[in-house]
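Hi,

Here is the structure I promised to pass on to you. Have a look at it first, and then read my notes below.

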Amino acid sequence: FPGSDKAFEAGLYVANRYKDKGQTKMAMQKFNEIAEYTKKYTNPETANPVMVSRAMGYLVRCYTEMNDIPLAIETLVQTYERYPNLPEGKYAPLRIADLYENVLKDNQKAAQWLKTYMKSNPDYQDDEELKAHIRNLEQP
């Protein structure tokens with residue numbers, strides 16, 4: 001149970017429960033606790049890459065739900081750089097682009113990260129829908 005998906009989910013559930021009830025101070029305390037707990041599992045020297053990348057994914061969720069978007073993006077960039085072949089790393093540029101586009105309203109950075117995703121995922125280099133979305137983001 002410690003360090004498992006269930007443990008991470010349980011911590012996020014408790015924090016979100018306080019958040020949903022409007023108990024902001026208690027919610028932030030619980031989010032900070034789960035972030036510290038999760039960080040223990042992101043050390044590549046003490047855990048295997050799959051476990052580390054998954055823990056980093058939960059850390060991103062925690063930061064996002066805390067509305068600490070810059071820290072969520074920083075963690076996603078680290079995940080992408082360290083684990084580009086694992087699902088959490090492979091799809092990190094899409095999540096980064098989403099945060100830039102829909103939360104921070106920075107379409108230029110969103111477009112840059114979508115291009116990064118296309119370059120690092122050859123199956124999507126010719127995706128016309130993705131290219132069209134990038135063009136739309138790049139327009140002033």
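Predicted model: local features only at pLDDT ≥ 70, side-chain atom pairs only at ≥ 80, totals over all residues.

**Notes on the model**

N67 is found in the loop between α3 and α4. Its phi is near 65°, a positive value in a residue other than glycine. Why mention that? Most residues other than glycine have a negative phi.

**The whole chain**

Now step back and take in the overall picture. The chain has eight helices and zero strands, so if you read from the N terminus on, the elements simply run α-α-α-α-α-α-α-α. Along the principal axes, the C-alpha atoms fill a box of roughly 45 × 35 × 20 Å. There are 140 residues in the chain, and buried ones make up 36% of them. The accessible surface comes to about 8400 Å², and carbon and sulfur atoms account for 51% of that. If you take the contacts with a separation of 6 or more, 47% of them are between residues 24 or more positions apart.

In soluble globular proteins, nonpolar side chains tend to be buried together. Here, the largest nonpolar core has 34 residues, and the members that touch the most others are F31, C62, I73, I96 and W113. Which elements give two or more residues to this core? They are α1 (5-20), α2 (24-39), α3 (49-65), α4 (69-82), α6 (92-103), α7 (107-120) and α8 (128-138).

Leaving aside neighbours within four places in sequence, I73 is in contact with I96, L99, Y100 and L104. L104 itself lies in the loop between α6 and α7. Apart from neighbours within four places in sequence, its contacts are I69, I73 and L99. L104 and P70 are 34 residues apart along the chain, and their C-alpha atoms are separated by 9.4 Å.

**Two helix pairs**

Two packed helices are described by the angle between their axes and the distance between the axes. Let's do that for two pairs.

The axes of α6 and α7 come within 8 Å and cross at roughly 170°. That angle is over the cut-off of 145 degrees, and α6 and α7 are therefore roughly antiparallel to each other. On the α6 side you will find P93, L94, I96, A97, Y100 and E101, which meet N107, K109, A110, W113, L114, T116 and Y117 in α7. By class, this contact of α6 with α7 has nine nonpolar, two polar and two charged residues.

A97 is found in helix α6 and is buried, with a relative accessible area of 2%. Not counting residues up to four places away in sequence, A97 touches A110, W113 and L114. On the other hand, A97 and Y58 are 39 residues apart along the chain, and 18 Å separates their C-alpha atoms.

The other pair is α1 and α3. Their axes come within 11 Å and cross at roughly 0°, which makes α1 roughly parallel to α3. D5, F8, E9, L12, N16 and K19 of α1 make the contact with M51, R54, A55, Y58, R61, C62 and E65 of α3. By class, the contact of α1 with α3 has six nonpolar, one polar and six charged residues.

**One last stop**

Finally, look at E138, which is found in helix α8. At 33% relative accessibility, E138 counts as partly exposed. Leaving aside neighbours within four places in sequence, its contacts are Q108, A111 and K115. E138 and L114 are 24 residues apart in sequence, and 11 Å apart in space, C-alpha to C-alpha.

Cheers

Methods
Residues numbered from 1 in each chain as written. Heavy atoms only, no water. Core = buried A, V, L, I, M, F, W, Y, C linked by side-chain atoms within 4.5 Å. Buried < 20%, exposed > 50% of the residue type's maximum accessible area, 1.4 Å probe, protein only. Helix = DSSP H or I, 4+ residues; strand = E, 2+ residues; numbered from the N terminus. Contact = heavy atoms within 4.5 Å. Axes fitted to C-alpha atoms, helices over the stretch in contact; angles between N-to-C directions. Parallel < 35°, antiparallel > 145°, perpendicular 65-115°, else oblique. Nonpolar A, V, L, I, M, F, W, Y, C, P; charged D, E, K, R; others polar. Areas by Shrake-Rupley, 256 points an atom, 1.4 Å probe, with all protein chains shown as cover.
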